[in-house]
Amino acid sequence: MGNLFDKEAASCLLNNLKKEYDIFAPKRYPGDGAYSDTDTIRYGIIESFEEIIWDRKSDYSFKEALLPISDTIMYFTQSSTKLPEPRKKRLLFLRSCDIHALKRLDEIYLKNGFSDYYYQSVRENAKFVLMGCADSFNSCFCVSMGTNQTDSYDAYAYPETNGLYFEFNNEDLKTAAKASEAPEKSFPKRFVTVNEEQGCPPENLPENLGQHELWKEYSGRCIGCGRCNFVCTTCTCFTMQDIFYRDNENSGERRRVWASCQVDGYSDIAGGMSFRKDQGERMRFKVLHKIYNYKNRFGYHMCVGCGRCENICPEYISYIHCLHKLSKIGGKENDQ
């Protein structure tokens, strides 16, 4: 049982929530697309529920609302250091596949031998609203990956015919909703059940797959821009940068900046050595990490089937097609 909020009640609810939270959701950025007169859908702070885009997948993932692309983690002088001021609590509107991606981020940043202080400080003060998905979007294959449904959320929301429907699991959010006096209603939750794309990774891969000629195809096609990593909901790599101020070169800030295993310099180490210089090798590393190495370690695939890497690649390299090729290779090996 939930509540159906008309425009006035929804505005009241939003104002109550904004007192405690910065509210992030997929919204439209006019003219910000890759081509002339095109828009971008990405996460940002909303001032009205009407800004939320329900009928299109965001071009970029929710991840930048928790982990900014460039994030200052420390200020320093010659004799002292200072942490940034704590951020306001955050409320994020996520789809089911995104909530599954959140589990992957938690695994890496919180349960991977130690807890990442900066991620943990934001994560502990964040709550999540599940966005209902009535229909699959272009390049989504969440059903194949088993990420099309979830029960791990603080609230559920979906725009029904006569208003915006909410169900609240979290007591703090329930309290914020009471003042809106929205009538009680009950609607079934909207989950995708069928995708046009089928992208399930193969269960059995040959041990020598790393040397397979399949990867040579990508040596000439991939340009190493790293876009696939930057829109991915589960990529977690970053690099560190020290920025020195012009007016005082003995002070500055240390920033954590997203990194990509597909770009030059990512695998450079001390002494001038560099691993995986070939783009085919980098593609192999990325794909097998998403569907093979991560699963061997944690028991489930890293990829959640959001398909954003499919849509963003300027060279039209299909990750899903790569999975199909791997399935055929695995099938042939098993038949022998």
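**View 1. Here is N3, a residue of strand 1.** Strand 1 covers residues 2-5, and N3 is found within that run. Keep in mind that everything shown in these views comes from a predicted model. N3 counts as buried because its relative accessible area is 19%, and the cut-off for buried is under 20%.

**View 2. Who sits around N3?** Setting aside neighbours within four places in sequence, N3 is in contact with L164, Y165 and F166, and also with A182, P183, E184 and K185. Take a look at A182 in particular: its backbone oxygen lies 3.0 Å from a polar atom of the N3 side chain.

**View 3. Now for the largest pocket, with a volume of about 670 Å³.** Its lining is made up of 27 residues. To find the centre of the pocket, look for A34, Y35, D59, N311 and I312, which lie nearest to that point. Strand 3 (40-45), helix 8 (227-231) and helix 10 (308-312) are the elements that give two or more residues to the lining.

**View 4. Last up is helix 3, running over residues 96-110.** From its first C-alpha to its last, helix 3 reaches 21 Å, close to the 21 Å expected for its 15 residues at 1.5 Å a residue. Helix 3 is also mostly covered, with 13 of its 15 residues buried.

Key. Residues are numbered from 1 along each chain as its sequence is written. This is a predicted model: local features need pLDDT of at least 70, side-chain atom pairs count only at pLDDT 80 or more; totals for chains, interfaces and linings use all residues. Side-chain values use heavy atoms; hydrogens and water are left out. Helices (H or I, at least four residues) and strands (E, at least two) are DSSP runs, numbered from the N terminus. Buried means under 20% relative accessible area, exposed over 50%, partly exposed in between (1.4 Å probe, protein chains only). A polar contact is a pair of N or O atoms within 3.5 Å; within protein, one must be able to donate a hydrogen and the other to accept it, and residues adjacent in sequence count only if both atoms are side-chain atoms. Contact means heavy atoms within 4.5 Å. On a 1 Å grid over the protein atoms alone, a cavity is a set of points where a 1.4 Å probe fits but cannot get out, and a pocket is an open set with protein on both sides within 12 Å along at least five of seven lines; lining residues have an atom within 4 Å of a point. Grid points are joined across faces, edges and corners, and a volume is the space filled by probe spheres set on the points. The expected span of a helix is 1.5 Å times one less than its number of residues.
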